[in-house]
Amino acid sequence: MLLSLHIRDFAIIDELEIELGPGMTALTGETGAGKSILLDALGLLLGDRADAGAVRHGAERADISASFDVSGIETARAWLAEQELELGDECQLRRVVLSEGRSRAYVNGSPVPAQSLRELGEHLVDIHGQHEHQSLMKRDLQRQLLDSHGGHQQLVAELTALYREWTLRRQQIEAIVGAGQDRDSRVEFVQFQLRELNELAPEPGEVEQLHEEHARLANAGQLLETCGTHLDRLYDDEHSAHSMISHALSDLGPLTEIDPTLRDARELIDNALIQLEEGVDQLRAYQQKLELDPQRLQWVEHRLDALHRVAAKHRVEAESLAEFQTRLSAELEQLEQADQQLQELEQGCQQLAAQFETIARQLHRERVKTASRLSEQVTAAMQGLGMAGGRFRVEVRDGNDQGMSAHGCDQIEFLVSANPGQPLKALSRVASGGELSRISLAIQVIAAKDTRIPTLIFDEVDTGVGGAVAESVGRQLQALGLHHQVMCVTHLAQVAAQAHQHLQVVKLTGGKSTRTRVRALSETERVEEIARMLGGRKITDSTLQHAREMLQLGKADANGKSSAKHKRRTNKPG
């Protein structure tokens, strides 16, 4: 449930703090006061795209934050736990939009991508817009709404996974079959390449090792001569460096007894002698391993030439010849086993198709049941929205003849008859915008009853209705408020009068600035606001009395529904 919403420097809002409670909350105000701006801010908090236009003129950034009670929202808690963002029963969301258009998002104080806000928001808030009837005409959305209403998500997910695996295997089959005509010639060519490579037998890292050995063999004479010269100078000659350092140590030894300050110098020279002896030992060992071997040098040169020649022929680096040989061997094995692979893939496709058909038939049966129930519920809701005699039907056609898809084989379409005696037609062919709006509202209200999302927002979905129909809309939203937190932006007094709480949105214009304020109305203020919505600027005593009566009736309806709800709970078998 949404507990509070804080907005700073967003659009025409300088700073705003809203506390919200359970039940149905009405947001009302003059046209242009900023009611929809509040929902825009909430949408931004739930992951909508941000741009610099969201920042209030003259401000550096817009800052929007909200607090949600997630104690009873298992899906949200699971998401937070998975992301390691859980902090108890409350969840804090925040979105900051900078004046240059960049934005930052936070969940419980931790920075996250905007996509994370969108994912989490799907568990927290469901927004129904005034233009939602336009998207309801799309077949895909109709199917999704039916599956959501019936709780078919698991079956659909299983079908989607099977369809993806089946599609992947079909693509592999087509690739093998498509390559069949060229496979024999490719096998012959790869075999020819491998014969040459197998005869050459390149080893991983061989080229690098041969280049090092070639450099050593080609310069063996110089290496031997230089090593011998410096072994003499460093150790073997009578006046070698080793001899001179040894004499120096002998001379300095007695002097350290006379002046101890010479000990550090003597110690360093002694260490140098040790280092020299170790270096000479290694140099002598290296010299002993070196040998002039013209035959080995010739073999290395021929081997390198062969490796580079074959690499150039196959257009690969000489260092990659061994890897190329391995790759060709794997390709040849795959080509030679293509028939077996094709048979295994076809058997796998048949098994997947059989599994798909089994689950698709189960889903079809569930969809038919849900369609019947949803049809009756929406039809009943239409009667209360001034469409007496209107009918609604969800048609589920078995589309096995059209093949598999990621969501099953069914063709789903919403059919409507707005008036008695008229035939059912596709929802997309309903001509009247007012009728379409009311049908959409009926579908939204019924669908919202089954949702597990705790907070439902209706943004002027009552556009195009009035009188008794508007009162019926208000009652249905009020009934939703018994099980969900419902926020409703409305211009209709009949709807606002049914709310459990009432917030008024006011635009204040003074000097060179325009600001939006939101305040919770007292009972007296609420009567005045309902009267304004009924009678416009000039409010008479009779208008005020009418407003009081509407609020009293709204409270009576709310108390009656609450008592009925309590009675249903206490009468449940124990």
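**Entry 1: the model.** I worked from a predicted model, in which local features need pLDDT of at least 70, side-chain atom pairs count only at pLDDT 80 or more, and totals for chains, interfaces and linings use all residues. Residues are numbered from 1 along each chain as its sequence is written, and side-chain values use heavy atoms, with hydrogens and water left out.

**Entry 2: terms.** I used a 1 Å grid over the protein atoms alone, on which a cavity is a set of points where a 1.4 Å probe fits but cannot get out. A pocket is an open set with protein on both sides within 12 Å along at least five of seven lines, and a lining residue has an atom within 4 Å of a point. Points are joined across faces, edges and corners, and a volume is the space filled by probe spheres set on them. Helices (H or I, at least four residues) and strands (E, at least two) are DSSP runs, numbered from the N terminus. I took Ala, Val, Leu, Ile, Met, Phe, Trp, Tyr, Cys and Pro as nonpolar, Asp, Glu, Lys and Arg as charged, and the others, Gly among them, as polar.

**Entry 3: the largest cavity.** I found three cavities of 30 Å³ or more. The largest cavity has a volume of about 60 Å³. Its lining consists of Leu-2, Leu-5, Ile-18, Leu-20, Leu-27, Leu-38, Leu-39, Leu-42 and Met-487. I noted nine nonpolar residues in the lining, no polar and no charged.

**Entry 4: the second largest cavity.** I read a volume of about 50 Å³ here. Among the lining residues are Pro-202, Gly-205, Val-207, Leu-307 and Ala-318. Both α8 (206–218) and α13 (321–336) supply at least two lining residues, and α8 gives the most, with three. The lining of the second largest cavity holds six nonpolar residues, one polar and four charged.

**Entry 5: the largest pocket.** I recorded a volume of about 1,400 Å³ for the largest pocket. It is lined by 42 residues, of which Glu-122, Asp-126, Ser-148, Thr-451 and Ile-453 are the closest to its centre. The elements that give two or more residues include α3 (114–124), β8 (125–128), α6 (153–178) and α15 (433–450). The most come from α5, with eight residues. I noted 13 nonpolar, 17 polar and 12 charged residues in this lining.
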